Amino acid sequence: MGDYWQATCEILQNPEDPIVEKPKLQEKYLVKPPFRYCHDIISAVQKKTGFAPGLYSGDELDARAIQDKDAKVAYLQKIISVVGMVLGQPVPAKPQKIVAGLEPENTNLFFQMLGRACLMDNGAQAVQQVLGDGAPAQAPPARPASRPSSQQQAERAPPAAEAAPPEDTRSKEKKREHRSKGHGGKERPSSASRHRSSSKAEPQPSPAVEVQPPPPSSGPPA
């Protein structure tokens, strides 16, 4: 994997029709590209092909004016986002790693993707999106709408209507009501009511009175 930088030279500095004429692409810089070297390559691509018009302005056009780490990261993030949008695929290089001099393989992959993107489209539409809302190189996939749980479905369901009694129960109740009524539509008294009436009609026996015999006479009759 030590020759990853050679593909960068072949794409950006082909002898027949180089995209980047200056700076000279050399191994000693490409194996760990410093920020200014990256800035010079990006600026050379834009100048030769007109790629990403209007992406940078003011101090961003001068590498010496960009000294703050956050400003360097922001500069690189813009062009990485545009390249990703034009190609329709994410760029593996991370601005923070490039500024720190880490993962040079991914930095060279970014240079190679930049070379392909500038030949496909000028990236004007992608520039508008990046400057307008800071859209990333590739939007994350939309999450599918979550289906409501069975408990939520039960809570949302309308209350069930109260079930009517079965037909046999209704007919039995009607027969029972018919039997409880006498002829002429009058309601017949229940057995308990008849028992209470008969109890009231019967006279209660009086308590027995004990009869005492007369006392015997003490003298002879006169």
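This is a predicted model: local features need pLDDT of at least 70, side-chain atom pairs count only at pLDDT 80 or more; totals for chains, interfaces and linings use all residues.
1. Trp5 sits in helix H1, which spans residues 4-12.

2. What does Trp5 touch, leaving aside its neighbours within four places in sequence? The contacts are Glu27, Leu30, Val31 and Asn108. A C-alpha to C-alpha comparison with Thr107 gives a related picture: Trp5 and Thr107 are 102 residues apart in sequence, yet 9.3 Å apart in space.

3. Helix H3 (residues 35-49) and helix H4 (residues 69-87) have axes that come within 12 Å of each other. The two axes cross at roughly 35°, and the crossing of H3 past H4 is left-handed. On the H3 side the contact is made by Phe35, His39, Ile42 and Ser43. H4 contributes Lys72, Tyr75, Leu76 and Ile79. By residue class, the contact of H3 with H4 consists of five nonpolar residues, two polar and one charged.

4. The model has four aromatic pairs, counting rings whose centres lie within 6.5 Å. A pair of aromatic rings is described by the distance of the centres and the angle of the planes. For Tyr56 and Tyr75 the centres are 4.1 Å apart and the planes stand at 15°. Planes under 30 degrees apart count as stacked, so this pair is stacked.

5. Where do the two partners of this pair lie in the chain? Tyr56 is in the loop between H3 and H4, whereas Tyr75 is in helix H4. The two are 19 residues apart, and the pair links distant parts of the chain. Tyr56 is buried at 8% relative accessibility, and Tyr75 is buried at 1%.

6. Another of the aromatic pairs joins Phe110 and Phe111, with ring centres 5.6 Å apart. The planes of Phe110 and Phe111 are at 40°, so the pair is tilted. Are these two residues buried or exposed? Phe110 and Phe111 are both buried.

7. Phe35, Tyr56 and Tyr75 form one aromatic cluster. Tyr56, the remaining member, comes from the loop between H3 and H4. The cluster therefore includes the stacked pair of Tyr56 and Tyr75.

How values were computed:
Residues are numbered from 1 along each chain as its sequence is written. Side-chain values use heavy atoms; hydrogens and water are left out. Helices (H or I, at least four residues) and strands (E, at least two) are DSSP runs, numbered from the N terminus. Contact means heavy atoms within 4.5 Å. Axes are lines fitted to C-alpha atoms, for helices over the stretch in contact, and angles run from 0 to 180 degrees between N-to-C directions. A crossing is left-handed if the near helix is turned anticlockwise from the far one by less than a right angle, and right-handed if clockwise. Ala, Val, Leu, Ile, Met, Phe, Trp, Tyr, Cys and Pro count as nonpolar, Asp, Glu, Lys and Arg as charged, and the others, Gly among them, as polar. Rings of Phe, Tyr and Trp (its six-membered ring) pair if their centres lie within 6.5 Å; planes under 30 degrees apart count as stacked, over 60 as edge-to-face and the rest as tilted. Buried means under 20% relative accessible area, exposed over 50%, partly exposed in between (1.4 Å probe, protein chains only).
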